[in-house]
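Me: I would like a close look at one part of this model. Please take the sheet and what surrounds it.

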Amino acid sequence: RRGIDRFSRSSLLNILFLLLMDVHSSTPVSHALIRDFARFAGREGAVASLFIVAGALLEGLGLSLLVPIVALLSGQAGGAWWQIAATRLFRLAGVTSGFGRLLLLMGLFGGVMLSRTFVVAQRDVRIAELQFAFLKTLRLGILRRLTDAGWAYVARLQHARITHVMSADIQRLATGLSALGSGAGSAMMLTGQFALSALLDLRVALVLAVLFALGAFGFRALLRQTQSLGNYLADMNLYLLNGTAQYLGGLKLAVSQNLEESFLNDADRVLSGLSQRQIEYARQYVNNRAAISVLSALAAIVLVIVGFGWLHTPSALLVTLLLLVSRMIAPAMLVQQSAQQFAGALGVYRDIKAFERELALAARPPVPAASSAMPDGPIVFDKVRFHHSLAAGEPAEFDLTIPQGEFLGITGPSGRGKTTFADLLAGLHPPQSGSICVGGIERTAAALSAWRDRLGYVCQDSYLFHDTLRANLAWANPAANEKEMWHVLRLVGAEDLVRRLPNGLETVTGERGIILSGGERQRIALARALLRWPHLLVLDEATGAIDSAGEREILVMLRDLAPRPTIVLIAHRTGNLDLCDRVIHF
């Protein structure tokens with residue numbers, strides 16, 4: 001066990017890939033990716049590495065058995081080490097006839113190849129399991145850092161960037177990690193084949209090594225281009241995704257005002273640049289594969305000429321070496337392809353790690369151990385100040401007491417701090433000075449989780465998931481039953497609406513609830529918040545898309561709730577604010 005632990009720390013995957021594949025990509029990013037993957041793999045990575053080694057050894061053992069087989073078929077004899085080893089094997093097995101010896105050698109060859117097939121299958125499965133587990137951990141780590149980041153940072157974050165990292169970037173990284181495993185296996189196999197050729201005839205092996213070294217040197221240019229293309233693809237794909245998301249977000253405006261053409265022109269420019277680079281890459285990739293094929297044929301020709309005409313290599317050995325060279329072509333091409341895929345993923349990993357560092361810098365301060373639940377009672381803002389970094393002027397000192405169960409109305413012009421007040425109330429922003437107390441107890445960072453469990457928040461942009469109405473409602477309270485869902489829908493005046501829909505609660509709302517009108521979405525969002533049975537209900541322009549009569553019906557319902565939560569209603573329309581217990585003008 002201690003040996004395996006030391007083996008895992010040394011990371012054979014790391015060593016193999018850096019030594020045998022890292023022709024050009026020995027950059028800080030490539031080392032970081034291999035190091036991180038090796039550390040994550042740990043002992044499981046050590047076991048996978050052992051399977052890689054075992055597969056290469058069995059490949060070499062199987063090929064070495066071909067030498068005495070060919071010698072036996074051709075009737076060659078001699079004093080080479082492989083002939084001496086075969087003679088001892090025949091004597092140990094008690095086999096004297098030529099046919100019996102052939103059966104013994106073929107049986108051993110078949111057993112070795114069968115074992116190699118099993119070992120290679122185990123190798124590939126274990127590497128795949130490590131790859132998927134690493135990607136899962138990476139995704140969860142990004143999501144954890146995202147949830148730990150401060151709200152001010154998250155609110156400004158480009159949504160397309162998150163989507164791109166969690167989907168396209170991770171998928172391209174998966175391709176790179178797959179190349180890491182398959183390339184390490186192929187590189188190890190290629191090394192074993194070179195070692196076997198050296199054992200069979202060192203002079204021929206040196207000739208082969210020179211030819212393959214020339215091919216590897218010529219491969220450097222393609223690797224450089226691949227890595228450059230990978231970086232370019234990562235940047236341009238994000239640019240396209242962000243542009244498409246913004247275009248779809250403003251699709252109605254774009255179509256209604258004939259503004260689609262500018263989006264299409266921009267997309268055409270980016271796609272043309274991508275296509276040109278990909279064509280150049282494909283051309284060089286094809287040329288490189290052709291070069292490998294030519295190099296392999298050249299190696300075979302040189303082997304025959306040098307081995308037969310100059311070195312006078314025995315024919316059995318020469319045939320085996322030719323077969324060995326032909327077997328080297330496949331792993332050599334796999335090493336080439338894997339190195340390209342790995343180099344192409346380096347730009348993606350660079351962006352992922354940069355995003356992780358950015359999220360880490362934006363993380364909220366560590367939260368102390370959770371305290372007991374917040375008590376009921378009045379909410380008190382005591383000398384609270386908060387100032388947005390881009391806001392003009394200096395913030396005023398804010399004092400306010402909201403008695404438990406009060407229906408408080410907030411109004412005032414845009415930009416006066418109404419939404420910021422709601423965010424402070426919900427705990428999305430901590431006060432920069434002063435304190436917020438509930439029931440005489442300060443609402444500290446440790447109490448935020450318990451506080452938010454009691455909160456219902458509805459904003460003007462009533463976001464609905466592309467899912468069923470049932471799933472949208474249950475998102476706020478997974479334990480709610482169907483009877484409770486219909487109850488809150490009835491309270492907000494949405495029961496008849498849902499019953500008229502083709503599939504009732506099972507109706508899919510479409511992207512952002514597109515099948516519903518703005519007012520209908522707001523009713524569903526309000527029902528979802530009520531389904532939490534909150535102690536505090538914050539409504540930030542939550543009824544602005546509903547007609548005035550419908551809004552009044554909803555506000556009357558909220559006023560008459562028993563027991564009634566504390567309600568803070570932020571509204572630009574003042575016509576129905578007479579239903580509130582108190583109205584504050586910002």
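In what order do the strands of the open sheet of five strands lie, and is their pairing parallel or antiparallel?

Reply: The order is 6-7-8-3-9, and the pairing is parallel. Some ground rules come before the details. This is a predicted model, with local features requiring pLDDT of at least 70 and side-chain atom pairs counted only at pLDDT 80 or more, while totals for chains, interfaces and linings use all residues. Residues are numbered from 1 along each chain as its sequence is written, and side-chain values use heavy atoms, leaving out hydrogens and water.

Helices (H or I, at least four residues) and strands (E, at least two) are DSSP runs, numbered from the N terminus. Two strands pair if DSSP finds at least two bridges between them.

Strand 6 (455-458) and strand 9 (582-585) each pair on one side only. Neighbouring strands are turned by 15° against each other on average, direction ignored. Axes here are lines fitted to C-alpha atoms, for helices over the stretch in contact, and angles run from 0 to 180 degrees between N-to-C directions.

Now the pairings. Four bridges join strand 6 to strand 7 (residues 536-540) in the parallel sense. Y457 faces V538 of strand 7. Strand 7 in turn runs parallel to strand 8, with five bridges between them. There, D540 stands opposite I570. Strand 8 also pairs with strand 3 over four bridges, again parallel. L408 has V568 of strand 8 as its bridge partner.

Five of its five residues are buried, so strand 8 is largely enclosed by the rest of the structure. Buried means under 20% relative accessible area, exposed over 50%, and partly exposed in between (1.4 Å probe, protein chains only). Both faces of strand 8 are covered: T566, V568 and I570 are buried on one side, I567 and L569 on the other.

Helix 17 (residues 518-530) touches strand 6 and strand 7, and its direction makes about 170° with that of strand 6. Contact means heavy atoms within 4.5 Å. Helix 18 (residues 548-559) lies across strand 3 (407-411), strand 7 and strand 8 (566-570), at about 140° to strand 3.

A nonpolar core is a set of buried Ala, Val, Leu, Ile, Met, Phe, Trp, Tyr and Cys residues joined through side-chain atoms within 4.5 Å. The largest one has 39 residues, and L539, L558 and L569 are among those with the most contacts inside it. Elements giving two or more residues include strand 7, strand 8, helix 17 and helix 18. Helix 17 gives the largest share, six residues. L505, also among the residues with the most contacts, touches W486, L489 and V498, among others, not counting residues up to four places away in sequence.

One gap remains. The second largest cavity is lined by E541, T543, G544, E551, I570, A571, H572 and R573. Its volume is about 30 Å³. A cavity is a set of points on a 1 Å grid over the protein atoms alone where a 1.4 Å probe fits but cannot get out, and lining residues have an atom within 4 Å of a point. Points are joined across faces, edges and corners, and a volume is the space filled by probe spheres set on them.

Note on methods
On a 1 Å grid over the protein atoms alone, a cavity is a set of points where a 1.4 Å probe fits but cannot get out, and a pocket is an open set with protein on both sides within 12 Å along at least five of seven lines; lining residues have an atom within 4 Å of a point.
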